[in-house]
Amino acid sequence: MRLRLGAARFDLRADPPRTDFARQRVAEVQAALPFAGAPTIEQQLLAVRARIAVLTGDLDEARTVLDRLTGFDDLLTYQERMRLDVLRNRVLLLEGEQDTALAGLRKLAEQAQQSGNMDLAADNWRLVAESLTK
């Protein structure tokens, strides 16, 4: 299951993201979850589902999944939790709440920078810049 989730994340990093393949892998993990699932796998699965929803513009699904993860992300890594916060702000951007989303993205970029996560900080600053040019 971890390999399928990793493959789904890899599919979503492609340019353009291969959301169909990622959805297929998510479906495979969801089918096995009742038999071999652990809370960590479930949280990672929800995070991938949220990313797919944001990338495909399904804001209702994204909001639902992100809400399910609120308070249920304790087994995710720091970077995964930060990426979820980025997704929450991207949903706000897509919903037209630009000021709130940009403030959130700036804060996340600064936190990532202060903690030494330069890749995450760079991604966040890139999102801020792209959002300002739209």
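User: Is the crossing of H3 and H4 left-handed or right-handed?
Analyst: Left-handed (the near helix is turned anticlockwise from the far one by less than a right angle). The model is predicted, with pLDDT of at least 70 needed for local features and 80 or more for side-chain atom pairs, while totals for chains, interfaces and linings use all residues. Numbering starts from 1 along each chain as its sequence is written, and side-chain values use heavy atoms, without hydrogens and water.
User: At what angle do H3 and H4 pack?
Analyst: About 155°, with the axes 8 Å apart; H3 covers residues 39-56 and H4 residues 59-69 (helices are DSSP runs of H or I, at least four residues). H3 and H4 are therefore roughly antiparallel (over 145 degrees).
User: Which residues of H3 and H4 make the contact?
Analyst: Among them are Leu46, Arg49 and Ala50 of H3, and Glu61, Val65 and Leu69 of H4 (heavy atoms within 4.5 Å).
User: Which side chain meets Arg49 in a salt bridge?
Analyst: Glu61, at 2.7 Å, N to O (the cut-off is a Lys or Arg side-chain nitrogen within 4 Å of an Asp or Glu carboxyl oxygen). Glu61 lies in H4 and Arg49 in H3, so the pair ties together parts 12 residues apart in sequence. Arg49 is buried at 19% relative accessible area (under 20%; exposed is over 50%, partly exposed in between, 1.4 Å probe, protein chains only). Glu61 is partly exposed at 25%.
User: Different spot. Is Asp11 buried or exposed?
Analyst: Buried, at 3%. Asp11 sits in helix H1, residues 2-13, and its side chain meets that of Arg18 in a salt bridge of 3.1 Å, N to O. Arg18 is partly exposed at 31%.
User: How many salt bridges in the structure?
Analyst: 10.

Methods. Axes fitted to C-alpha atoms, helices over the stretch in contact; angles between N-to-C directions. Helix = DSSP H or I, 4+ residues; strand = E, 2+ residues; numbered from the N terminus. Parallel < 35°, antiparallel > 145°, perpendicular 65-115°, else oblique.
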